[in-house]
Amino acid sequence: GGAFLCPGSRRFPRKEKAQPDSHTLERRAVCSLQFTGTWSGILVQEDALPPLPDPEKGQWVGSPRPDLWEELVFAWKTCALSKSNAIVIASGKRTLGIGRGFTSRVDATQWALSKAGDASHGAVMASDAFFPFPDSIELAAKSGIKAIIQPGGSIRDDEVFETARKLGVSLFITGWRTFRH
């Protein structure tokens, strides 16, 4: 039968007991395809994560919070593995709330914050894509979120950033979207 393979990988004959070389294994680990069926067709996408956020390569908006870096990266990793539109609320290395699969980022934010409840005070938040409006930042601030990690890239970034500064929420802009369908 046919198979979908990543560039550079190969299929071994069934009867041969060949072992893939390390280069082939590396390519397969990096490039895996995800298939999602819909009523009107099929979506095939490479299911690869972007590089981990790097405090030297991103941008802080508002006061930098290196004291929250490990929590932000933990929330980012959790968010990157969730269905889009994803929002994750975390504290320490504990997930408090996940809003995922919503058609609206603010709805995902409301859901995640409702699941976190009062534990969101002092927590961090991650988003798999940019905030198109400042409404999610306003909800996060109202719930006591201290810092948010997100890719940026909205045509309204200036408005979102200004809202975060005004409300005292630190943003870290990664420049990499982790959006998964």
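The axes of helix α4 (residues 135–142) and helix α5 (residues 157–167) come within 9 Å and cross at roughly 15 degrees. That makes α4 roughly parallel to α5, a label given to angles under 35 degrees, with over 145 counted as roughly antiparallel, 65 to 115 as roughly perpendicular and the rest as oblique. Axes here are lines fitted to C-alpha atoms, for helices over the stretch in contact, and the angles run from 0 to 180 degrees between N-to-C directions. In handedness, the crossing of α4 past α5 is right-handed. A crossing is right-handed if the near helix is turned clockwise from the far one by less than a right angle, and left-handed if anticlockwise.

The model is predicted: local features need pLDDT of at least 70, side-chain atom pairs count only at pLDDT 80 or more, and totals for chains, interfaces and linings use all residues. Residues are numbered from 1 along each chain as its sequence is written, and side-chain values use heavy atoms, with hydrogens and water left out.

The axes of α3 and α4 come within 9 Å, crossing at roughly 15 degrees. α3 is therefore roughly parallel to α4. α3 passes α4 in a right-handed crossing.

The protein chain holds 5 helices and 8 strands. Both are DSSP runs numbered from the N terminus: helices are H or I with at least four residues, strands are E with at least two. From the N terminus, the order is α-β-β-β-α-β-β-α-β-α-β-α-β. Of the 181 residues in the protein chain, 41% are buried. Buried means under 20% relative accessible area, exposed over 50%, and partly exposed in between, for a 1.4 Å probe and protein chains only.

The whole structure contains 3 salt bridges. The criterion is a side-chain nitrogen of Lys or Arg within 4 Å of a carboxyl oxygen of Asp or Glu. Arginine 105 pairs with aspartate 128, with the closest N and O atoms 2.8 Å apart.

A second bridge joins aspartate 67 to arginine 65, the closest N and O atoms being 2.7 Å apart. Arginine 65 is partly exposed, because its relative accessibility is 24%.

The bridge between arginine 165 and glutamate 162 has its closest N and O atoms 3.5 Å apart. Both residues lie in helix α5, 3 residues apart, about one turn of the helix. Arginine 165 is partly exposed at 45% relative accessible area. Glutamate 162 is partly exposed at 46%.

A nonpolar surface patch is formed by Leu33, Phe35, Ile42 and Val44, with about 360 Å² of accessible area together. Patches take residues with over 30% relative accessible area and no salt bridge; like charges are joined within 9 Å, and nonpolar side chains (Val, Leu, Ile, Met, Phe, Trp, Tyr) within 5 Å. Areas follow the Shrake-Rupley method with a 1.4 Å probe; for residues, only the protein chains shown count as cover. β1 (33–38) and β2 (41–46) each supply at least two residues of the patch. Phenylalanine 35 sits in strand β1. Its relative accessible area is 41%, so phenylalanine 35 is partly exposed.

Glutamate 70 is placed in helix α2 (residues 69–80). Glutamate 70 is exposed, at 59% relative accessibility.
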